[in-house]
Amino acid sequence: MRSMPLPVTRRQDLVDEWRAALAIARKELRIATRYPLNLANEVLQPLYQFLLPSLLLGATFAVGGRALGLASLTGTEDLAGFLFLGVVVAGLVGAAFWEIAFSFKREMDTGTLEPAWLTPTRPETFVIGRAIGAIVIAGATSLVLIVVGFAVFGASYSAGFLAALPAIALASFSMLGIGYLVASAVLMLREPTFFVDATSFLFATASGVAFPITVLPILVRPVAYLLPTTYALDLLRHFALGTRPLLDPWVEWLALVALALVTMALGRFVFLRTEHRMRIRGTLGQH
């Protein structure tokens, strides 16, 4: 019997892997919806841990009810809008570090990682499936928070918000690559909780979710310019609030595209090398 042509086989493999990724995403979403209190906490936690303290602190230092310092640095006095849009990118960071990467630690603890990777599905497909589910949840959470910011805290967004959605999509693609990198570290570390917690916090902070990155120390600021989330958030605030961009918008768009390609290629390469090394050493399930 004559075998199928190679291109057809590869095409079918890609279709099968995509179906597997969607199945994994559906499983993650189904699990999430079974615990509605956890879903509610996705909205409440940013409110009471970050947004409310930041808004109160900003009101404390306001002059005549105006955020003059923020206006001088960014071009907008809308503190609520500035902070609530920051939560959009913070959600992407949390999805990459906790829902994508740290999920491998949870599977190690439950003993399901090795059986899952013995299936015909490629290991990187598990990352993609979890990424789809995590980004859907992060997007829904961000939408709810944006509405809360508008309806309750007086945040004002312009219709230009929609023009920044491609920037968020590119940042999501980049965070998939970051998820691959962090997942590689999670697989190698015996106890990665502190690593994931610390790096996710630093990543979100350097992206400017809570303040303009121009206030960062001069030695730290170059790191912020290497993060795709910095440009995505800057464009989002520029289109939605009319803030002054860090760079010319076309430069930031090019940076987003370049970083998406680089992070995805590098992250997938490191993840596959890590997975191959652990399979050879037989340490995949050790934790």
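**Close-up 1. Residues lining the largest pocket of the predicted model.** In this predicted model, the lining of the largest pocket is made up of 41 residues, and those nearest the centre of the pocket are Glu42, Gln45, Gly94, Trp98 and Glu99. The space in this largest pocket comes to about 1,500 Å³. Sorted by class, the lining of the largest pocket holds 19 nonpolar, 14 polar and 8 charged residues.

**Close-up 2. The second largest pocket and its lining.** Around this second largest pocket, whose volume is about 360 Å³, there are 18 lining residues, with Ser54, Gly58, Leu70, Leu79 and Ala210 lying nearest the centre. Two or more lining residues of the second largest pocket come from each of α2, α3 (68-74) and α4, and the largest share, 4 residues, belongs to α3. By class, the lining of the second largest pocket divides into 14 nonpolar residues, 3 polar residues and 1 charged residue.

**Close-up 3. Arginine 237, a buried residue without a salt bridge.** Arginine 237 is part of helix α11, which spans residues 228-241. Although arginine 237 is buried, it forms no salt bridge, because a salt bridge requires a side-chain nitrogen within 4 Å of a carboxyl oxygen, and the nearest side chain of opposite charge, that of aspartate 234, is 6.5 Å away. When neighbours within four places in sequence are left aside, the residues in contact with arginine 237 are Phe82, Leu85, Gly86, Gly208, Val209, Ala210, Gly242 and Thr243.

Terms used: Residues are numbered from 1 along each chain as its sequence is written. This is a predicted model: local features need pLDDT of at least 70, side-chain atom pairs count only at pLDDT 80 or more; totals for chains, interfaces and linings use all residues. Side-chain values use heavy atoms; hydrogens and water are left out. On a 1 Å grid over the protein atoms alone, a cavity is a set of points where a 1.4 Å probe fits but cannot get out, and a pocket is an open set with protein on both sides within 12 Å along at least five of seven lines; lining residues have an atom within 4 Å of a point. Grid points are joined across faces, edges and corners, and a volume is the space filled by probe spheres set on the points. Ala, Val, Leu, Ile, Met, Phe, Trp, Tyr, Cys and Pro count as nonpolar, Asp, Glu, Lys and Arg as charged, and the others, Gly among them, as polar. Buried means under 20% relative accessible area, exposed over 50%, partly exposed in between (1.4 Å probe, protein chains only). Lys and Arg count as positive and Asp and Glu as negative; His and the chain ends are not counted. Contact means heavy atoms within 4.5 Å.
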